[in-house]
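I opened my notebook for this chain and jotted down what I looked up, step by step. Here is how the entries went.

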Amino acid sequence: MNPKVIFLLAAASLALSSAALATRAKTYEITGTVLETTPTKIVVQKGAERWEIDLDPQTKVRGELKVGAKVTITYTMSAAKIDAGVLTKLKAAAEEAVAPITSSVAPGSQKKESPAISPTASPQ
C-alpha cells in the first residue's frame with residue numbers, strides 16, 4: 001500500500017477519535033445518604049443539601065439502592081431547554097433604556113409653559 005494512503009488513513013482515524021472524545025460531557029460525583037428511591041429518581045442528602053437525580057434505563061447501579069445507604073453517584077449535566085430569546089429581549093430593553101433621547105423637533109420651537117405664579121408678584 002502507498003505510504004501516503006496509510007498516513008492519510010491514520011490521520012483521519014486520529015481526527016475522528018479525537019472529535020468523538022471531545023464531545024463527551026464532563027462527569028461529576030456526589031456522595032451522600034439515600035433518602036428516597038424510585039425507579040425514575042434517587043434522592044440523596046449531602047450535608048445540608050438535598051439532591052434529586054433522575055434515573056433512566058441506561059443508569060448502571062451496582063449494589064442495592066435502599067434508604068439509609070451511602071452512595072456515590074457519577075452524573076453529567078445536560079440542558080433540557082435553552083431560551084436565548086429572553087436574554088436577547090432583556091438586553092435590547094436595557095440598551096433602549098440607556099440610549100440617548102433624540103427628538104425631531106427643533107430646539108426652542110416647543111411651547112414654553114408660563115409659571116402659575118407671576119415672578120414679580122410680592123408675597124403677602
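Predicted model: local features only at pLDDT ≥ 70, side-chain atom pairs only at ≥ 80, totals over all residues.

Entry 1: Four strands make up an open sheet, and their order across it is β3-β2-β1-β4, with antiparallel pairing. Which strands stand at the edges? They are β3 and β4; each has a single partner strand, so one side of each has no neighbour in the sheet.

**Entry 2: the whole chain.** The secondary structure of the protein chain comes to two helices and four strands. Read from the N terminus on, the elements run α-β-β-β-β-α. I looked up burial too: the protein chain has 124 residues, and 10% of them count as buried.

**Entry 3: pair by pair.** I then went through the strand pairs. β1 (residues 27-37) and β4 (residues 70-76) run antiparallel and pair over seven bridges. Within this pair, I found tyrosine 28 with tyrosine 75 of β4 as its bridge partner, and glutamate 29 opposite threonine 74 in β4.

How many bridges join β1 to β2? I noted four, with β2 covering residues 41-46 and the two strands running antiparallel. Here glutamate 36 stands opposite valine 43 in β2. The link from β1 to β2 is a hairpin of three residues.

The pair β2 and β3 is antiparallel as well, with six bridges. In this pair I found lysine 41 opposite aspartate 54 in β3.

**Entry 4: two faces of β4.** For β4, the covered face holds Val71, Ile73 and Tyr75, while the uncovered face holds Lys70, Thr72, Thr74 and Thr76.

Is tyrosine 75 buried or exposed? Its relative accessible area is 17%, and buried means under 20%, so tyrosine 75 counts as buried. I also checked tyrosine 75 against aspartate 54: they are 21 residues apart in sequence, and their C-alpha atoms are 9.9 Å apart in space.

**Entry 5: salt bridges.** My next search was for charged partners, and the count came to four salt bridges. Glutamate 36 and arginine 50 form one of them, with their closest N and O atoms 3.9 Å apart. This pair links distant parts of the chain, since glutamate 36 is in strand β1 and arginine 50 is in strand β3 (residues 49-54), 14 residues apart. Glutamate 36 has 30% relative accessibility, so it counts as partly exposed.

Another salt bridge joins glutamate 52 to lysine 41, and here the closest N and O atoms are 3.7 Å apart. This pair also links distant parts of the chain: glutamate 52 is in strand β3 and lysine 41 is in strand β2, 11 residues apart. Lysine 41 is partly exposed, at a relative accessible area of 22%.

I then found arginine 50 in a salt bridge with glutamate 52, the closest N and O atoms being 3.6 Å apart. Which residues does the network of salt bridges link? I wrote down Glu36, Lys41, Arg50 and Glu52.

**Entry 6: helix α2.** Last, I turned to α2, which covers residues 84-98. At 1.5 Å a residue, the 15 residues of α2 should span 21 Å, and the end C-alpha atoms are 22 Å apart, which agrees. Why does α2 lie largely in the open? Of its 15 residues, the number buried is zero.

I also noticed a nonpolar patch on the surface, formed by Val86, Leu87 and Leu90, with about 300 Å² of accessible area together. Valine 86 belongs to helix α2, and at 41% relative accessibility this valine counts as partly exposed. The cut-offs explain the label: exposed means over 50% and buried under 20%, so a value in between is called partly exposed.

Key. Residues numbered from 1 in each chain as written. Heavy atoms only, no water. Patch = residues over 30% accessible without salt bridge, like charges linked within 9 Å, V, L, I, M, F, W, Y side chains within 5 Å. Areas by Shrake-Rupley, 256 points an atom, 1.4 Å probe, with all protein chains shown as cover. Salt bridge = Lys/Arg side-chain N within 4 Å of Asp/Glu carboxyl O. Buried < 20%, exposed > 50% of the residue type's maximum accessible area, 1.4 Å probe, protein only. Pairing = 2+ DSSP bridges. Expected span 1.5 Å × (residues − 1).
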